[in-house]
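Hello,

Here is the structure I promised to pass on to you. Have a look at it first, and then read on for my notes.

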Amino acid sequence: RGASFIATTSTQRELMLSLGADVVINYQNENWFENSDLLKGRQFDLIIDLAVGYDAWKKARHSKLLKTSGGKFVAMTSDNALVEAHNWWQLTTVFVPMQWRELWTRFWPSCPAYIWHNGLDVKPGDLANVTKLVEDGTMKIVLDPISPLTFTEKGVKHGFTIMQRRCAHGKVVVSMQS
């Protein structure tokens, strides 16, 4: 209650509005972190990053978009869109910077918290609660228009290609049914 929902997208303005966004910013046409209409001296409690990683964190922090006391930046993605690791060292170079960022922001009082969300902490009953939210229309699941894909080599590869290009407009689903 009393919260505003601002979404950034490149092509899905109407979808974002239908999901409840108060303001939709096309990030291809303007920098979300420099939008003077959006800022108006405001600071936000929470930014959830689903796509960019470190650059979004840096821009949000330097533009002072987040409250320094209690503000949170939740990264749902790694710093790199495509992670390729063939050994432990390569894996360490991918994940340690995000964990280090999360740790040092806990001890830096003038910096909003960085939280790297590296998985779901599902408790008993959570999925039943989510199911109820979907059934009563509170939560809307958005599928990419290509979904569902067939469970064939071609279908699965096509799904991975869409995700790798980062051009999905919703969840990419592969159907196990024929």
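Lys64 sits in the loop that runs between helix H3 (54-62) and strand S4 (72-75). Please keep in mind that this is a predicted model. Although Lys64 is not a glycine, its phi is positive, at about 60°. The residue is exposed, with a relative accessible area of 55%.

Arg166 is another residue to check when you go through the backbone angles. Its phi is near 60°, again a positive value in a residue other than glycine. Arg166 belongs to the loop between H6 and strand S7 (174-175), and it is partly exposed, with a relative accessible area of 40%.

Pro148 is located in the loop between helix H5 (126-135) and S6.

**Helix H6**

Helix H6 covers residues 153-164, twelve residues in total. From its first C-alpha to its last it reaches 16 Å, close to the 16 Å expected at 1.5 Å a residue. Which residues of H6 are buried? They are Gly155, Gly159 and Ile162. Seen down the helix axis, the buried residues of H6 fall within an arc of 65°, so they line one face of the helix.

What do the buried residues of H6 pack against? Their partner is strand S6 (149-150). On the other side of H6, the exposed residues are Glu153, Lys154, Lys157, Phe160 and Gln164. Arg166, with the positive phi described above, follows this helix.

**Nonpolar cores**

The largest nonpolar core has 16 residues. Those that touch the most other members are Trp32, Ile47, Ala60, Leu65, Phe73 and Tyr114. Two or more residues each are given to this core by H3, S4 and strand S5 (113-116), and H3 provides the largest share, three residues. There is also a second, separate core of six residues, with Leu15, Met16, Ala21 and Val142 among them.

**Aromatic pairs**

The count of aromatic pairs comes to five. One of interest is formed by Phe73 and Tyr114: their ring centres are 5.9 Å apart and their planes lie at 15°, and with planes under 30 degrees apart counting as stacked, so does this pair. It links distant parts of the chain, as Phe73 is in strand S4 and Tyr114 in strand S5, 41 residues apart. How accessible are the two partners? Phe73 is buried, at 0% relative accessibility, and Tyr114 is buried too, with a relative accessible area of 1%. Ring pairs also bring in Trp57, which forms a cluster with Phe73 and Tyr114.

Best wishes

How values were computed. Residues are numbered from 1 along each chain as its sequence is written. This is a predicted model: local features need pLDDT of at least 70, side-chain atom pairs count only at pLDDT 80 or more; totals for chains, interfaces and linings use all residues. Side-chain values use heavy atoms; hydrogens and water are left out. Helices (H or I, at least four residues) and strands (E, at least two) are DSSP runs, numbered from the N terminus. The expected span of a helix is 1.5 Å times one less than its number of residues. Buried means under 20% relative accessible area, exposed over 50%, partly exposed in between (1.4 Å probe, protein chains only). The arc is that of the directions from the helix axis to the C-beta atoms. Contact means heavy atoms within 4.5 Å. A nonpolar core is a set of buried Ala, Val, Leu, Ile, Met, Phe, Trp, Tyr and Cys residues joined through side-chain atoms within 4.5 Å. Rings of Phe, Tyr and Trp (its six-membered ring) pair if their centres lie within 6.5 Å; planes under 30 degrees apart count as stacked, over 60 as edge-to-face and the rest as tilted.
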